[in-house]
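Here are a few notes to go with your first look at this one. Have the viewer open as you read.

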Amino acid sequence: MTTTSRTGIPGTRPNESSLTLRRHVLDLDDFSRDEIEEVLKNTDVMREVLGREIRKIPTLRGKTIFTLFYEASTRTRASFEEAGKIMSADVINVSAGGSSVEKGESLYDTALTLQAMRADMIVIRHSDSGAPYFLARHLDAPVINAGDGAHAHPTQALLDLFTIKNHLGKIEGKKVAIVGDILYSRVVRSNLWGLTKMGAQVTVCAPPTLVPPDFLAGFPEEHAFSNLQVTTRVEEALEGADVVMALRLQLERQKSGHLPSLREYARMYGISTQRMKLANSGALVMHPGPMNEGIEIDADVAHGAASVIEEQVTNGVAVRMALLYSLI
Amino acid sequence: MRTLIIKGGQVIDPKNGLNKTADVLIEDGSIIGVDAGVNKNGAEIIDAKGKVVCPGFIDLHCHLREPGFEYKETIATGTLAAARGGFTTVCAMPNTDPVADSRAIVDFVLAKAADQGVVRVLPIGAVTKESKGTELAELGELADAQVVGFSDDGHPVRDANIMRQALLYASSIGLPVINHCEVKSISAGGHMNEGWVATRLGLKGIPNSAEAIMVARDIELAELTGGHVHIAHASTKGTIDMVRRAKESGINVTCEVTPHHLTITDEAIMGHGHDGDPYGQLKDDAYDPNAKVSPPLRARADVEAMVSALKEGVIDLIATDHAPHGTVDKQTTFADAANGISNLETALGSLMSLVHLKNIDLEGVIEKLTVAPARLLGRDDIGSLSPGTPADVTIIDTEAEWVVETSQFASKGKNTPLAGATMRGKAETTIYNGRIVT
Amino acid sequence: MSEALKTTNEERQVLDQAQLRRALIRIAHEILESNPGNTGVNLVGIHTRGVPLAERIAGFIEEIGGRAPSIGQLDIGLYRDDLSRRGRPLMHQTIIPVPLEHQTVILVDDVLFTGRTVRAAMDALNDFGRPRQIRLAVLIDRGHRELPITANYVGKNIPSSLEEQVNVRLEESDGIDQVVLADKGNR
């Protein structure tokens, strides 16, 4: 079972889905631009469903989706659950607390159990990078990565792409500034794949302690990220940006010695109204949530006219519906 | 009198400067001599034409897991795996349960080896009680129990003062302290080498400095105490540079390298299906837990530095760090998986790849597997084909192609990133004390 | 003139541009006749070719003096009972411009075959409210129904075998107006 992109393979006709041969959604690294475009288009279709008075369609009747959350999450778990339920799937939530997972049952055992229960789809969130790949190796069912360690969060990246496209009309050529904990952020890694494939100009910005060392060294020309700009100065990142994405700062970064204090982070990297003046007029403000208002983003920016943060949540449900539709 | 003649092989015996086609005569478990046209009535003959005949290999660093972790390996299975790999002597690391920090455990290992081992087992004792790093183990008693060195392997001796005392104490006994150099405050939370692969995979990296800082400390302490520090599984260019300088200033430091740090880069963790493009897409075989090892597989530049240091002679010897694990230890996420590679049965095949690529000559490899570790152990009786020594002999078919099938391993540890790989060169026959083991 | 024209070795043309146009005009007339109060109808085209057909029929209704119908479009992908992954068509936007509660809705599609598409379309419509009446207009009825469904307005009946397929081509999507019968496996 491979996750190779199938664009252009014989048998896929112009009017047929380019996603039909995709097995898993583990990251965006193996998505072709066509596949991403199709997901975004289907997301728009799903948004129509979300706008109806009765939000229920029979598409996945009789299908069982297991969501496996080994790490606390409200919005992502709820988003998948809602997506599945709107589409009439049976969604069974397994969370680490209160299940045998807590009693030390191995991920492998859990995988075998789900296999025996004939899961039609597994959604997994895990604090260990690569856990979804482990499941994909051992299971027949499609696996969707709902966030693994510091590695990837492809559904978040897709909803971010959708939100940008929805507001700016296109992604190609747009300048996107991502500010925050680049070192540990799975949101950034998946967004880099997505934004790069869609032709955006991306700048990432963080304190030097929160940038991967090889990012600071820069990328050779042949690399997928060769156009990525990396800076430790937030003003430089925001200059002329069409999109400003602030990342959640994990509060434990102070204890682990990455930062002197949250106060200093807010002062040097927080997205404020003042700093937003450097961005293009009409620039979008985004945040994958949950926010630490006053630290990585000021409240008046988070809730201001340029903010599309609430809408990201709605789009998240639509994106996940689009993926469920394409994978089952 | 039992007589065995190995006929017509290319005999390579680095200690005695031999590299020629000759016959090896063995009687009653001892080497009688190496010469052309040896014949003896009633002798058992092994035809070694086209093969290489050399002293049995010595592994200074391996984990036999017994007592305590018999589900990972036992002395019986571990020594059989050693024989399959061409090794006739293995030094057993003390991180068993209980830790080999007392005579009782060492005696147990030796007794078990005498009973069930198929090759020679030389125990290594712990440096500190339970390898906890706080109080010295009874090194004198351990020495009396015939340990060949001291190590808290798996755990570094993190306290500089304890390391200082250990070196002082061990030097009076004449044994080395073998240290696993890793500064845990830097490596904590890390699961692989720090670099672009770690970034790509979202795994926290372990920088080269985690090793180098402690190597620097240990070299200083060796100079201070006059003790012998042996750096286990050196993996970075920085380590090599420091060891080279220390040797030049006459400090008593030696180091070893493993076959995997000579041949496999951290890119292996991206999976066999990865296309080699740094930012290419991952397949579902990414995050191979069998490529998780401590110290981690390093970047290309470090691997290349290890090969050239081996040629240059800065690296004293090759040791396997054979670290077998049970399926449960590895059948999990990368972060959750145990460190270690089951190495005894693939070591020679891996090293032969360097020989076939002409990166190093076969004689050099054999030297680092035989006389070099014997010298470090202060043993004249092993690691050569000298007359009168025990007949430990390995016959190598340098051209034999074979596929690594872990289900065929003698070792209980099936954990290797080389599973399914094709190798060229293997130990065809291993003779221990004059008897054909495999 | 119903003589089938040979277009290629494998295809037989069953409607040309003029015939196709006349068939749609006839449907427009029939719709008007069955809607004597001229209270206005709501056309809903089923993606993909039902959509341009609905637009054309609406145009003809207006031309011949009817009140301009509302035109919606419906993608039935989310309502299929035979959801299979291979060869799944691209999804399209569903647009229902007016509330359908207590309205007459005329579904428009190119070919009526097994009836499953229409069944899915009726399910989908119901999620937008409860129409007073749902009717069905198709350009071609080729038979072989698997469900008890029949069309109220038919452009042309084409008896076909299961080894054949009916391809409707429209200016809007295919650059030409024609309907052909072809052997299966040839599109």
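1. Start with chains A and C. In this predicted model, their contact draws 15 residues from chain A and 16 residues from chain C.

2. Two pairs of chains touch, and the one with the most contacts is A with B. Chains B and C do not touch: their nearest C-alpha atoms sit 21 Å apart.

3. Next, have a look at two helices in chain A. Helix H1 (residues 33-50) and helix H5 (residues 154-168) of chain A have axes that come within 10 Å and cross at roughly 70 degrees. Angles of 65 to 115 degrees count as roughly perpendicular, so that is the label for H1(A) and H5(A). From H1(A), the contact uses Ile36(A), Val39(A), Leu40(A) and Thr43(A); H5(A) brings Leu158(A), Leu161(A), Phe162(A) and Lys165(A). By class, that makes six nonpolar residues, one polar and one charged.

4. Last, a residue in chain C. Val154(C) belongs to strand S7 (residues 153-157) of that chain. Why does Val154(C) count as partly exposed? It has 19 C-beta neighbours inside 10 Å, and a residue needs 20 or more to be buried.

5. Staying with Val154(C), set aside its neighbours within four places in sequence, and it is in contact with Val138(C) and Asp141(C). Glu30(C) is 124 residues from Val154(C) in sequence, yet their C-alpha atoms are 9.6 Å apart in space.

Terms used. Residues are numbered from 1 along each chain as its sequence is written. Chains are lettered from A and ligands numbered from 1 in the order in which they are written. This is a predicted model: local features need pLDDT of at least 70, side-chain atom pairs count only at pLDDT 80 or more; totals for chains, interfaces and linings use all residues. Two residues are in contact if their C-beta atoms, placed from the backbone, lie within 7 Å. Helices (H or I, at least four residues) and strands (E, at least two) are DSSP runs, numbered from the N terminus. A residue is buried if 20 or more other C-beta atoms lie within 10 Å of its own, exposed if 12 or fewer, and partly exposed in between; C-beta atoms are placed from the backbone. Axes are lines fitted to C-alpha atoms, for helices over the stretch in contact, and angles run from 0 to 180 degrees between N-to-C directions. Angles under 35 degrees count as roughly parallel, over 145 as roughly antiparallel, 65 to 115 as roughly perpendicular and the rest as oblique. Ala, Val, Leu, Ile, Met, Phe, Trp, Tyr, Cys and Pro count as nonpolar, Asp, Glu, Lys and Arg as charged, and the others, Gly among them, as polar.
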